[in-house]
Amino acid sequence: MSDPFRPWRRDLPAAAREHVPSPVRPHVVSVPVGPEAVRKAREAVAGRFGEVGVATGSAFADAVLLVVSELVVNVLRHAPRSSVADVGITVGAGQLVVSVADAEPRLPDLEPDATGAGLRMVAELAAEYDGDVSVEPAVGDDGKVVVVRFGMPS
């Protein structure tokens, strides 16, 4: 009797492969908090666009980079404990996820009436691509992670 939980095989017919979710590919860069933080974060994320299937110069790429900029600016303004911002981009299952982690444990209020203009803009950009914004405490550490999900355009 064969094992029904055999490992994935590349020689399966195309019809079988198309139902397998694409692998998740996380990329994280630690950006020192300072005058060059936004530029370095944008360059790091833009440098992964070709690898994760985002067309450089597209409206989607511009939206993602604007979100990265705003989230890093928020670290500069509101996270005085942070010496670095960990900026992540992950693609998988039809989504692109941008995350920015810092050492400030205070979580922003994401209610529409409570957010500043920057987070409102981030939420609006995410919504344009069937996405959302969330924030969570950092795992095993003081601090938080702001997560923005986008549906990948076809």
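**Close-up views of the nonpolar cores and aromatic pairs**

**View 1. Members of the largest nonpolar core.** In this predicted model, the largest nonpolar core has 34 residues, of which V45, F49, V64, L71, V87, L96 and F150 touch the most other members. A nonpolar core is a set of buried Ala, Val, Leu, Ile, Met, Phe, Trp, Tyr and Cys residues joined through side-chain atoms within 4.5 Å, where buried means under 20% relative accessible area with a 1.4 Å probe and protein chains only. At least two residues of this core come from each of several elements, among them α2 (37-46), α4 (59-78), β2 (84-92) and β5 (144-151), and α4 supplies the largest share, 10 residues. Helices (H or I, at least four residues) and strands (E, at least two) are DSSP runs, numbered from the N terminus.

View 2. Leaving aside neighbours within four places in sequence, V45 is in contact (heavy atoms within 4.5 Å) with V64, L65, V68, V87 and I89. A second, separate core of 5 residues includes V97, A101, A138 and V145.

View 3. The structure holds 3 aromatic pairs, counted where ring centres of Phe, Tyr and Trp (its six-membered ring) lie within 6.5 Å. F60 and F150 form an edge-to-face pair (planes over 60 degrees apart), with 5.6 Å centre to centre and 90 degrees between the planes. F60 lies in helix α4 and F150 in strand β5, so the pair ties together parts that are 90 residues apart in sequence. Both F60 and F150 are buried, and ring pairs link F60, Y129 and F150 into a cluster.

**Notes.** Residues are numbered from 1 along each chain as its sequence is written, and side-chain values use heavy atoms, with hydrogens and water left out. Local features need pLDDT of at least 70 and side-chain atom pairs count only at pLDDT 80 or more, whereas totals for chains, interfaces and linings use all residues.

How values were computed
Buried < 20%, exposed > 50% of the residue type's maximum accessible area, 1.4 Å probe, protein only. Phe/Tyr/Trp six-rings, centres within 6.5 Å; stacked < 30°, edge-to-face > 60°.
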